[in-house]
There are 2 protein chains.
Amino acid sequence: MNMGRPLEFDPEQALDAAMGVFWASGYGATSVQDLLEAMDLSKSSFYQAFGSKRQLFERCLRRYRENTAAAMLDGLDQTVSGRRFIADMLYSAAGEACLGEKPRGCLVMNTANEFAQQDATVAGWVAQGVNRFTAVFRAAVQRAQKEGEIAAAKDPEALAHYLVSSMSGLKTMVKAGAGEKTVRDIVPLILSALD
Amino acid sequence: MNMGRPLEFDPEQALDAAMGVFWASGYGATSVQDLLEAMDLSKSSFYQAFGSKRQLFERCLRRYRENTAAAMLDGLDQTVSGRRFIADMLYSAAGEACLGEKPRGCLVMNTANEFAQQDATVAGWVAQGVNRFTAVFRAAVQRAQKEGEIAAAKDPEALAHYLVSSMSGLKTMVKAGAGEKTVRDIVPLILSALD
DNA sequence: CCACATATGGACCCATCGGTCCATATGTGG
DNA sequence: CCACATATGGACCGATGGGTCCATATGTGG
């Protein structure tokens, strides 16, 4: 019963494009015009397909959260040790400092910073994101504990929160313009808390 | 030779009011209208006295940076030990989580997040802010080393960067809605890197 | 008290914001 | 090939953005 004229664009692809813009510029600084150009859509198609800037943002945030968490879990599966995974995550965050592109940080934490508890709905989305990331790091810590690279006595939940916090701080340092060396030298200090 | 009609408002006070708004809402989300109300100024007086939103923002950011750095140095002077000062700073950042007010984080790091290297001028202001804060923590670390509470072998500069990064991460966690306990439990882990 | 310098209020400006609407194009199932 | 459902382009909308301008108020030094 699939009636009517079919879409001329790929919704997933359009969503990815929109996500990229929000990620790079934040919600407020992104205009519908910007989105239209990035997604290569007319205004009508945009509102028809996504309802509003706000609704689109929620979908992007959810998409980012799920994609990122899934990719992290994948990485955790494929890496040699839990401890190594954690170190790799931190160093790759630090690595944003030397890439030619502008650092974008993490969409979830960027949103936390932009809306800072000023919008209950958004705060809920952000909290879900933090939970997802925390869960990934908790799994990594628990694996590292089984592997004997982190003391079993440590609380995996607390360590996970610590790691999310540290990742976020690191990415903010990069955005603040800290040099590659500066930011890479921070990583071993973060990791030393696991000993 | 001070001619003409005198100001009806206190510029410093107006600046503080403006700083508060930028601090709470960021640059983009703050309208000139918002500033006018907070500063209790007419549009004419505003533009006459401060030139533009942008120029005002620079003055606020500079003011924040200097005031905050000065207050931190003051606190360092008055505290019992360098190590204690560092712990206090972290715990007070964590404490924002339970205050009734919305967490505002740090104006400098908020700005880093909002503009993320997209504006060279702003990036310069932010970098100066980071340098100031790093200098304070470096001084605290060096004092703690003299007091024997941090190993002399550690690099004070690296530790200072680590602490700025960690503070920033902590404040972002608060903004992301992490509970008081969650965030307070992160602090000892941050501090453990100093051992 | 006069001339002048600065301050102030408020009308006004144009660009852009997010969003709606309608006429038209283009596909589908019967 | 027709009826219909959906997609698309583009005109249009009111609100708000930052910023300017001018007439008027209010103070100063001579």
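Reply: In chain B of this predicted model, helix α1 (residues 11-25) packs against helix α2 (residues 32-39) at an angle of about 135°, and their axes are 8 Å apart. Because of that angle, α1(B) is oblique to α2(B) (under 35 degrees is roughly parallel, over 145 roughly antiparallel, 65 to 115 roughly perpendicular, the rest oblique). The crossing of the two is right-handed (the near helix is turned clockwise from the far one by less than a right angle). From α1(B), Ala14(B), Ala17(B), Ala18(B), Gly20(B) and Val21(B) meet Asp34(B), Leu35(B), Ala38(B) and Met39(B) of α2(B) (contact means C-beta atoms, placed from the backbone, within 7 Å). These residues divide into 7 nonpolar, 1 polar and 1 charged, with Gly counted as polar.

Residues are numbered from 1 along each chain as written, and chains are lettered from A in the order written. Local features need pLDDT of at least 70, side-chain atom pairs 80 or more, while totals for chains, interfaces and linings use all residues.

Chain A superposes on chain B by a rotation of 180° with 0.0 Å of shift along the axis, at RMSD 0.0 Å (least squares on C-alpha atoms with pLDDT of at least 70 in both). That is the relation of a two-fold axis. In chain A, the C-alpha of Gly169(A) comes closest to the rotation axis, at 1.8 Å.

The contact between the chains takes 39 residues from chain A and 39 residues from chain B. On the side of chain A, α8(A) gives the most, with 12 residues. By class, that side has 19 nonpolar, 16 polar and 4 charged residues. The copies meet through the same surface, because 100% of the interface residues of chain A are also interface residues in chain B.

Methods. Axes are lines fitted to C-alpha atoms, for helices over the stretch in contact, and angles run from 0 to 180 degrees between N-to-C directions. Helices (H or I, at least four residues) and strands (E, at least two) are DSSP runs, numbered from the N terminus. Two residues are in contact if their C-beta atoms, placed from the backbone, lie within 7 Å.
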